There are 2 protein chains.
Amino acid sequence: MGNKVVVVGAVAAGPKAAVRIKRLDPDADVVLIDQDNLISYGGCGIPYYVSGDVPDEKELRSTSFHMLRDEPFFEKAKGLTMMTSTRVTAINRDRKTVITEHVVTGDVQHIAYDKLMLATGSQPIIPPIGGVDLDGVFTINNLHTAIEIKDRIAKGLVGKAVVIGGGAIGIEMAEAFKDLWGVEATIVEFKDQLLPSLVDWELADILARHLRDSGLEVLLSEAALEITGDGDGRACTVKTSRREIDCDMVIIAVGVRPRSELAAAAGLHVSMSGAIVVNERMQTSDPDIYAAGDCVEITNLVSGRRFFAPLGSLANRQGRVAGDNIAGIPSIFKGGVGSFIMKGFDMSIGSAGLTLRAAREAGFDADISLTSPVDRAHFYPTQAIACFIMVFDRRTRRVLGFQGIGPMGDGILARINGAAPLLCAGATIEDFATIEMAYSPPFSAAIDSINAAAYVADNLCDRRMRTIPMAEFIDHMKNPGRDPGLVMLDVRHPKQAQPFIDRFGADWWLSIPYEEVRERFRELPADKTMVIICNAGSRSYEIQVVLDHHGYANTLVLAGGINVVKRMNVDFLP
Amino acid sequence: MGNKVVVVGAVAAGPKAAVRIKRLDPDADVVLIDQDNLISYGGCGIPYYVSGDVPDEKELRSTSFHMLRDEPFFEKAKGLTMMTSTRVTAINRDRKTVITEHVVTGDVQHIAYDKLMLATGSQPIIPPIGGVDLDGVFTINNLHTAIEIKDRIAKGLVGKAVVIGGGAIGIEMAEAFKDLWGVEATIVEFKDQLLPSLVDWELADILARHLRDSGLEVLLSEAALEITGDGDGRACTVKTSRREIDCDMVIIAVGVRPRSELAAAAGLHVSMSGAIVVNERMQTSDPDIYAAGDCVEITNLVSGRRFFAPLGSLANRQGRVAGDNIAGIPSIFKGGVGSFIMKGFDMSIGSAGLTLRAAREAGFDADISLTSPVDRAHFYPTQAIACFIMVFDRRTRRVLGFQGIGPMGDGILARINGAAPLLCAGATIEDFATIEMAYSPPFSAAIDSINAAAYVADNLCDRRMRTIPMAEFIDHMKNPGRDPGLVMLDVRHPKQAQPFIDRFGADWWLSIPYEEVRERFRELPADKTMVIICNAGSRSYEIQVVLDHHGYANTLVLAGGINVVKRMNVDFLP
């Protein structure tokens, strides 16, 4: 009774925990503190507010029943004590108080707590380059900046924007600029692909191609070196390692880092990467202090390592678990796999678990299956191609990650959501091969994309199937014939092969239709490496088996086939 | 080497196993036998062929690369020995042969096998009523009937059709008739709801309402007693327990049963329900004979019991496992949870695991959470309401089933696919509460529908939340005031409550807005049971907690709220 709980941070994890505590223990005195006056908003919705899809910022901080989640709402409807525009400057763990300062009046208070919860969130990383303080340079860190950005666009002040950072927020912001406002937008990404920590490069390349086709400029492997301003101190140019880009606005979206200064100053255990360390009950190193959301690290259920996953979805789940424990209901948060989904114009891209790169860095004997199935029954009129990567460990046959890109809609989500629980459970290729995804022709194929990806992984793992890495294939296509020991074998219909033969010559681009190989294999050059090509990779695999059986062992399958290649940023296709 | 494999049945599991065996063991001599001449077709696509979505039946039996899966295809491209239009009349297990008879020529052959696989499928159940043999009465059991049905419709011979059976195939066929051809269609279902084995009645009622709104006649709790014909022997009337319905065509879709006569005659173990009994390797009681697909029973991974799940998706998975084992790669099929998805005009409905009814019959202490969340961020423009039922066991907190209905698209699929792996793994409410579904505003809410359903289940299980069963609520609404000890408490905005007050009176339909209850609860009648009502049920639960805290303990929450009720077949709403 009379449990006094102070919650610091009122965006996602904080309010979630606070109202849960109050519901579980109505006698509790719950104080919710935030330095901002705009609270409890859907931060992930900011790009859609800027784009105009969400007309009013108030909708981002309203309930589903259209009630504004402001200070009076939390006090009247939820029974909390609210302190907004109030910064917590210190925690006195001995006295069990927090010291607060009102950001306008400067009033200082000491608030006692029995249990304290830190939901201090994250803050944007500012790259160490000149000009980041110029007018017109923004990070996406709260609603105020979002309002300011939209205001400037709506006033016609922005004809061209540069987004530094090709992660999810950067891409979403660039789309918002271009799609609804017609603002020219350039994404400048330091690494060699978009979404580097979320998907492998083949899918990122498909996304980059689609963003370019949709009117964005996407610059990869290019560092933003300096932002320069005009005479009035307004940002007007971004200088990169390769060019200067004129602009009226710059968005810095190179990532976020945990806000843990308060925790660290109070002597709580903070990790090397700056995140507050918590256990599965979301308890910090002080058992009376909990933390949740973007300020903590969690366990990656695939790698077993701690990782920083600043996702609104996880913040809410953690907040509820923290709230349960504070209110006396034992509850645990085991960790996550970083489930991710994003809209990019007319495509959606998603992932869960580890990328190939991350898996190898984590020490796995990792490889991928790359597939390009139709996303529903191939005879159903709305069917379309999607591309998937399954990352697996060759030694243990455990699946480590799953990624997909396809048409906008919930189809990719359906596969990521199907894969995530399996990844959390340490599932193997066999588990993925037999897991029962719902089937009906308007929704899926009888063998779902997830199962099909596992089938390929199974064949790879057992070395019944040998593939050529996509990068090597692209290199050969850019330099046809440079390797005299390698030719292409197209097993598609001759009509599909003909334009390739016309471009590359019949000596290098061999063509025997799939159904004729069993009879005509003797026409093939036994002394050469043959890259077997079809649309999706499945016919190529069958032909590899047939040729192996006849002693033609030097074949490699182009996994995912032409379906994947023709969606990538390549210019060698006829 | 030289393994001789005979596969009986060439629709789904059979071809899947046959080609897999041939890939794993190219030396194997694989014979694929079917009594039909049209083989390897997507049976689940038949309604979409009849509707015209799929213009040509050949597309149902083509590969994704548009090659017809006919006899020459399997011989040339896959290397099988094909025997179509050939019936297997007996298995001689001692001699390890099957005896075949050509359906046209009558030729008899004895084919030796080392391993035999039975994929004999299922056959439609014919109800014991008169007139089932009349011209114009069809079951959906093969492509020939589908072609005949579409042919008659295309010729303008069908103005009105009656579908006997309100399962998935019946509903899909009725939609096909109505949606693309304008054929009037009536569904006659003996049980009191549509999809009785797949979803609970609340969601089935929403579907029935939508089918009616879309122009179908849906008759429930009504038995088809007889089909009568005209002077030419053509079906012209279906007589039910309540009426006579004139029609030009009758579809019988009351379910299927396993085809196991061949297995039974050979002395293989067949279950009480007529399904071939197999182990996890898909082996029958004869270790050299495998079986897969609609002719077998599998383990229900929720109930632990054997069940009959005639689904194309499962048939393919089982076929692959059987193929692996026959080719010498140990592989197991653990079972399934009956994952299901279906289009019904502009809605989609899906499920996995057990319904409440099935769970109680299986001995669980089962209950449900009924929720009606928005299917993506509530501020995102394409958001819509979906309705979900989570079935759980109160004693063990295990989740037993998950069902949903919402707008057409892949949103429901994304939740069923997320739930299925968890159900297979025996997951608890806590697992569902914290599982990480991918989040971004265009796709989902930060707390996904799956998590939200688990939160409610958690509150129910811990008895923090008490609900009124939907059937009881409807009964009260149909008889307002009949129970003098019960009133309604509407906590929505007064504008939403007013039409209800106008209809039911302010004494029975009390209204205090959600955010005012903490101050105004003393206005409420402490001596009455109050049913708390909002749009989705979440505000109602919060108010229940507040009122409990103040000693008003006789409250019940309307789970799912008005969102659910207004989508059901009710006429009492203002």
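How many helices and strands are there in chain A? In this predicted model, chain A contains 17 helices and 29 strands. Its radius of gyration is 27 Å, close to the 25 Å that the globule rule gives for 574 residues, so chain A is as compact as a globular protein of that length. The C-alpha trace of chain A spans about 85 × 60 × 45 Å along its principal axes. Of the 574 residues of chain A, 59% count as buried. Among contacts in chain A with a separation of 6 or more, 65% are between residues 24 or more positions apart.

Chain A is divided into four parts: domain 1 (4–122 + 257–326), domain 2 (137–254), domain 3 (340–461) and domain 4 (470–565). Between the C-alpha centres of domain 2 and domain 4 of chain A the distance is 40 Å.

The arrangement of the two chains was examined next.

At the interface, 79 residues of chain A are in contact with 78 residues of chain B. On the side of chain A that touches chain B, at least two residues each are supplied by helix H3 (71–76), helix H8 (312–326), strand E21 (340–344), strand E22 (347–353), helix H10 (411–424) and helix H16 (538–549) of chain A. H10(A) provides the largest share of that side, 10 residues. By residue class, the side of chain A that touches chain B consists of 45 nonpolar, 21 polar and 13 charged residues. Of the interface residues of chain A, 99% are also interface residues in chain B, so the copies meet through the same surface.

Two helices were considered individually. Helix H5 of chain A (residues 168–181) has 14 residues, which at 1.5 Å a residue should span 20 Å; its end C-alpha atoms are 19 Å apart, which agrees. In H5(A), 11 of the 14 residues are buried, so this helix is largely enclosed by the rest of the structure. The buried residues of H5(A) include Ile169(A), Met173(A), Phe177(A) and Lys178(A). The packing partners of the buried residues of H5(A) are helix H2 (46–51), strand E10 (160–164), strand E11 (184–188), helix H6 (201–213), strand E16 (249–252) and E21 of chain A.

For helix H9 of chain B (residues 312–326), the 15 residues should span 21 Å at 1.5 Å a residue, and the end C-alpha atoms are 21 Å apart, which agrees. Here 15 of the 15 residues are buried, so H9(B) is largely enclosed by the rest of the structure. H9(B) is followed by Gly328(B), whose phi is positive, near 95°.

Ser331(A) is located in the loop between H8 and E21 of chain A. It has 21 C-beta neighbours inside 10 Å and therefore counts as buried. Apart from neighbours within four places in sequence, the contacts of Ser331(A) are Arg281(A), Val321(A), Asp324(A) and Asn325(A). Ser331(A) and Val277(A), 54 residues apart in sequence, have C-alpha atoms 17 Å apart.

Arg306(B) lies in strand E20 (residues 306–307) of chain B. With 18 C-beta neighbours inside 10 Å, Arg306(B) counts as partly exposed. Its contacts, leaving aside neighbours within four places in sequence, are Ser271(B), Glu297(B), Ile298(B) and Thr299(B). A C-alpha separation of 10.0 Å is found between Arg306(B) and Ala275(B), which are 31 residues apart along the chain.

Most residues other than glycine have a negative phi. In Ser221(B), by contrast, phi is positive, near 50°. Ser221(B) is placed in the loop between strand E12 (217–219) and strand E13 (224–229) of chain B, and with 11 C-beta neighbours inside 10 Å this serine counts as exposed. Phe345(B) also has a positive phi, near 55°. The loop between strand E21 (340–344) and strand E22 (347–353) of chain B holds Phe345(B), which counts as partly exposed with 17 C-beta neighbours inside 10 Å.

Note on methods
Residues numbered from 1 in each chain as written. Chains lettered and ligands numbered in written order. Predicted model: local features only at pLDDT ≥ 70, side-chain atom pairs only at ≥ 80, totals over all residues. Contact = placed C-beta atoms within 7 Å. Helix = DSSP H or I, 4+ residues; strand = E, 2+ residues; numbered from the N terminus. Nonpolar A, V, L, I, M, F, W, Y, C, P; charged D, E, K, R; others polar. Expected span 1.5 Å × (residues − 1). Buried ≥ 20, exposed ≤ 12 C-beta atoms within 10 Å, placed from the backbone. Rg over C-alpha atoms; globule rule 2.2 N^0.38 Å. Domains from an automatic or database assignment.
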